[in-house]
Amino acid sequence: MASIDSLTLEDILNTKTQVTTATEKTVRDSPGVITVITREEIEAFGARDLQEILELVPGFAFGADVQGAVGVGFRGMWGHEGKVLLLVDDHELNETLYLTTQFGQHIPADDIERVEVVRGPGSVIYGGYAELAVVNVVTRSAAGKDFATGKGRYDATRSATYSRRGLGIGFGRVVTEAGGLYVGASVAIGQGRRSIDGYADAAGARYDLKENSGLGTALITGDLKWKGVSVGLMYDGYRVDDRSAFGENLPMAASNGFGAFHGHAKWEIELAQGLKLTPQIKYKRQNPWQVLSEDPAVAGALFYDKTAERLTGGLRLSWDILDGLNLLAGVEGQYDHAFIGVKGPAGEYTGLNWPWNDRDTVEYGNFAGYLQVLWDNWLVNVSAGARVEAHSAYGLSVVPRIGLTKVVGDFHAKALYSRAFKAPGIENIGLNADIKPEEGQIAELEVGYLIAKTVSVTVNGYYMSIDRPIVYGSDPATGEESYYNELKTGSKGLEAEVKVRHKRGFGSVTYSLYSAAGMNSVASYAVPALQAPLLGLPNHKLTLAGSVDLGWGLRAGTTLVVLGPRWAYLSNPEGQEHLPVELPWQANWNLRLSWRPPDYKFVVVGLTAHNLLDTRILYPQPYDGGHPPLPGMAREIGLDLSWEM
């Protein structure tokens, strides 16, 4: 395989991926709107974690949830609770209680080989967590390549306080003497802070995040691949220390644990030429939102110790019926089990740790079947498929999709229509036994052109309507805290990307626009008197990224992420009229200089300035939940040292 440094822009656009179809297609021909970010780009731009990578992808923005957690939004929709599927080496990181994913110094970029993003629905292949988008992360240990690496970094703020620090090692090797056995593993540990600024809760009470916000990560991966058999293990130990809770400050920081263990095994069996059968089994055990503090002021509000397990078994058949005609069929069964560990400091239920209908344990089953046909022909390539799911608690979900794609020389076009759904989580069902899946329908158009083999231009438009959105708040009938189905929400918009690649450098410019005008009836998402924006997430987003080879082993890279105005509820100590406030445009500019000594090319030294403009980064809450915007980190200067053999 050619080195990434020697690839042209055309080569990159023709890179094959399975992320949309589970069958290899090129980025231009895949029936989805796709962004692929390579390891070369990650290193050149100085991204430190998955959040900083996704900030460069059109449509993505981040907001605050509760208890110091930062979650993902996409195309104006709050996707934190199970609407954006996050896969790392085929391990499903969405936790099965509330379905959330956590960002901020989580999933170190040093461990990542590439990130594949489907900017649109993926429910037909992936099920009920892929309503809005799919983020597929391939780590270095799972990529199947020979490597050995180690890295250390230290970042500090203007007050000489460390903002993050971490160490990591990893290796991968193909053992030819063992018939091509591949063994890979990595370990990454780190600590950091969310911010060094002050935070004021809804009532105006303030505290300093410098000593009251902590982020910790421990990611361990292991992979084996041999003659169609692959086994992967992962431990994800993420932690958030926070005082902001649900918008009313705690007297001290609470430690929120998100420990998780994942494992999977699959075997690709070649039954005949063009006929492949793949059995697969997955297991995950997660303890999200775990707060075990015995202090009454914390335990009474946040104590939580629940464990969720999921066992998934599946069988997939891929059949190349004719040249250009592929049939994919699969079945999948899931068993979910959740239980309460410690009830509370005194052995009684407390905080958020309440049982499910007076039971300390619950079990659910889910069965799914899916079918997909890919037909490549001279006129237009066709992708058509559907998924049917039957869940023991909330019943049946049926989602079809169809896509038309065509590549003609340097031009490509896509027309896509999908239905998708967001499945309720275990705690959603526990708070409302009548909850139903929300259902989306999404139409997308994309056109792209490769100019002179060095510049590509891609523009896409979309229309996304969601019926029965699952919303957190007070039950309209009882007034009690609950999850319930609202009437509708959605957005429509445009996204554009220009990519440039030259032998001395590469870069990109993206622009995203969404509007919810006439599409949203959820009051807790709305901005009163305005229709286009939804709470917390910008209608406009601009990104620039570039890297230049300066010679003598020096490389300069830069990124700029500009978010348009956002609307958020701020602190309101005077008890004035409850209205959101417009936040100003936000620009986050990063600059990186790296040096690979010509005589010691296995060593790289990097110096990075993050948030060079010292912008006050804010993460607004994208729903009316009583939590003022959570501050992000001020300007940081970082030094990193890595070696690779």
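**Entry 1: the second largest pocket**

I began with the lining of the second largest pocket, whose residues divide into twelve nonpolar, five polar and five charged. For this count, Ala, Val, Leu, Ile, Met, Phe, Trp, Tyr, Cys and Pro are nonpolar, Asp, Glu, Lys and Arg are charged, and the others, Gly among them, are polar. The model I examined is a predicted one, in which local features need pLDDT of at least 70 and side-chain atom pairs count only at pLDDT 80 or more, while totals for chains, interfaces and linings use all residues. Residues are numbered from 1 along each chain as its sequence is written, and side-chain values use heavy atoms, with hydrogens and water left out.

I noted a volume of about 490 Å³ for this second largest pocket. A pocket is an open set of points on a 1 Å grid over the protein atoms alone, where a 1.4 Å probe fits, with protein on both sides within 12 Å along at least five of seven lines; lining residues have an atom within 4 Å of a point. The volume is the space filled by probe spheres set on the points, which are joined across faces, edges and corners.

Of the 22 lining residues, I found Tyr 98, Leu 352, Leu 431, Tyr 472 and Glu 481 closest to the centre. Helix H6 (426-431) and strand S30 (481-485) are the elements that give two or more residues to the lining. The largest share, three residues, comes from H6.

**Entry 2: strand S40 and its partners**

I next looked up strand S40 (residues 603-610), where six of the eight residues are buried (under 20% relative accessible area, 1.4 Å probe, protein chains only). Strand S39 (residues 586-595) pairs with S40 in the antiparallel sense over five bridges; two strands pair if DSSP finds at least two bridges between them. Leu 593 has Leu 607 in S40 as its bridge partner. S40 also pairs with strand S43 (residues 636-644), antiparallel over eight bridges, and there Val 603 stands opposite Trp 643.

**Entry 3: an open sheet**

I traced an open sheet of five strands in the order S3-S9-S10-S7-S8, with mixed pairing. Strand S3 (34-38) and strand S8 (91-92) are at the edges with a single partner strand each, so one side of each has no neighbour in the sheet. S8 is joined to strand S7 (residues 84-88) by two bridges, and the two run antiparallel.

**Entry 4: the whole chain**

I counted six helices and 43 strands, which are DSSP runs numbered from the N terminus (helices H or I, at least four residues; strands E, at least two). Buried residues make up 56% of the 645 residues.

Definitions and conventions: Buried < 20%, exposed > 50% of the residue type's maximum accessible area, 1.4 Å probe, protein only.
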